[in-house]
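Please look through the sequence and the model shown below, and then follow the questions and answers one at a time.

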Amino acid sequence: MKAGFIGAGKVGFSIGKHLTAHGTEVSGYYSRTPESSRQAAEFTGSRQYMSLKQIAEDSDILFLSVCDSAIAPVWEQLKKLPLQNKLICHFSGVLSSGIFSDIERVHAYGYSVHPLFAFSDRYESYRHLADAFFTIEGNPEQIHSIEKIFNSCGNHTAVISPEAKVRYHAAAAVASNLYVGLAFLAEEMLQDCGFSPEAAHEALAPLIRGNAENIVSSGPVQALTGPVERNDTDTAAAHLSCLTGQEREIYRLLSLKVLQAAQQRHPDRDYREMKGVLQ
């Protein structure tokens, strides 16, 4: 099965290289920026295409590796072409395959494919993609073909429903982007205590790294430490007393979620007083 890429940014570069490295033939790249498609084709040992028609003719599966706002406009152009039995995929985390309007009319199959992965560099990110988890959503008739492509690359996959896409993507944002927000808040708080920005970052780095490693290796419940897990109400109350406004609310709400994890870990421990402190 030949895979063509429409769009040649970090995602297109990385996934194309990932596929070629694991035996899937990449027909090539088309981009509105010819220099980008040329570089991507060179990087993956494939072909640069100068028209949608050419890449569609030469590919069994088309990956739309473009920004979310460009998916629908590109599809409007694509669906004017002969697409019978072709698989059409996009990589948006939040959009479903429903964005491929009238796809049944052109007798093609639509899918959303999303890697739980942060693409930082178009030439290097592919090296770590084998560890990424991919979710797939779309027409059940050929969904096994998409799974097979990524399973053959060593990736774990899961099929989700179109209704779950937005909540799924929000979960990814909580684990990735919002985690960054918490680290940013923690560094700000240390700076309030007299740390320089550099010292705050250096001080927290081992704590953040160790916590992340424990979560990955043991799961969030077993990785849990701190005053809420210990049922140390005096410390939790002291923390809340020194916080104001938004930071106090962030601490309180996240501690209530931590409390749920603590209750799961210690079902025989009485956390009612802690719950009262946090509410």
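Helices (H or I, at least four residues) and strands (E, at least two) are DSSP runs that are numbered from the N terminus. The model is a predicted one, in which local features need pLDDT of at least 70 and side-chain atom pairs count only at pLDDT 80 or more, while totals for chains, interfaces and linings use all residues. Residues are numbered from 1 along each chain as its sequence is written, and side-chain values use heavy atoms, with hydrogens and water left out.

Q: In which loop is Asp-102 found, and what is its phi?
A: Asp-102 is found in the loop between β5 and β6. Most residues other than glycine have a negative phi, and most peptide bonds are trans. Asp-102 is not a glycine, and yet its phi is positive, at about 60°.

Q: Which residue forms a salt bridge with Lys-79?
A: A salt bridge is a side-chain nitrogen of Lys or Arg within 4 Å of a carboxyl oxygen of Asp or Glu. For Lys-79, which counts as buried at 11% relative accessibility, the closest N and O atoms of the pair are 3.4 Å apart. The partner of Lys-79 in this salt bridge is Asp-102. The pair links distant parts of the chain, with Lys-79 in the loop between α4 and β5 and, 23 residues apart from it, in the loop between β5 and β6, Asp-102.

Q: How many residues apart are Glu-35 and Arg-38, which form a salt bridge?
A: Side chains of opposite charge can pair when their charged atoms come close. In the salt bridge of Glu-35 with Arg-38, the closest N and O atoms are 2.5 Å apart, and both residues belong to a network of salt bridges that also links Glu-42. Glu-35 is partly exposed at 39% relative accessibility, and Arg-38 is also partly exposed, with a relative accessible area of 33%.

Q: How far apart are the closest N and O atoms of Asp-58 and Arg-47?
A: Asp-58 counts as partly exposed at 31% relative accessibility, and Arg-47 is partly exposed with a relative accessible area of 38%. The closest N and O atoms in the salt bridge between Asp-58 and Arg-47 are at a distance of 3.0 Å.

Q: Which residues does Gln-84 touch, not counting residues up to four places away in sequence?
A: Gln-84 is found in the loop between α4 and β5 (87-90), and because its relative accessible area is 54%, Gln-84 counts as exposed. Contact means heavy atoms within 4.5 Å. With residues up to four places away in sequence not counted, Gln-84 touches Val-106 and His-107.

Q: Is Arg-252 buried or exposed?
A: Arg-252 lies in helix α11 (residues 245-265). Not counting residues up to four places away in sequence, Arg-252 touches Leu-240, Leu-278 and Gln-279. Because its relative accessible area is 17%, Arg-252 is buried.

Q: Which residues does Leu-19 contact, leaving aside its neighbours within four places in sequence?
A: In soluble globular proteins, nonpolar side chains tend to be buried together. Leaving aside its neighbours within four places in sequence, Leu-19 is in contact with Ala-3, Phe-5, Thr-24, Val-26, Phe-63, Ile-149, Phe-150 and Cys-153.

Conventions. Buried means under 20% relative accessible area, exposed over 50%, partly exposed in between (1.4 Å probe, protein chains only).
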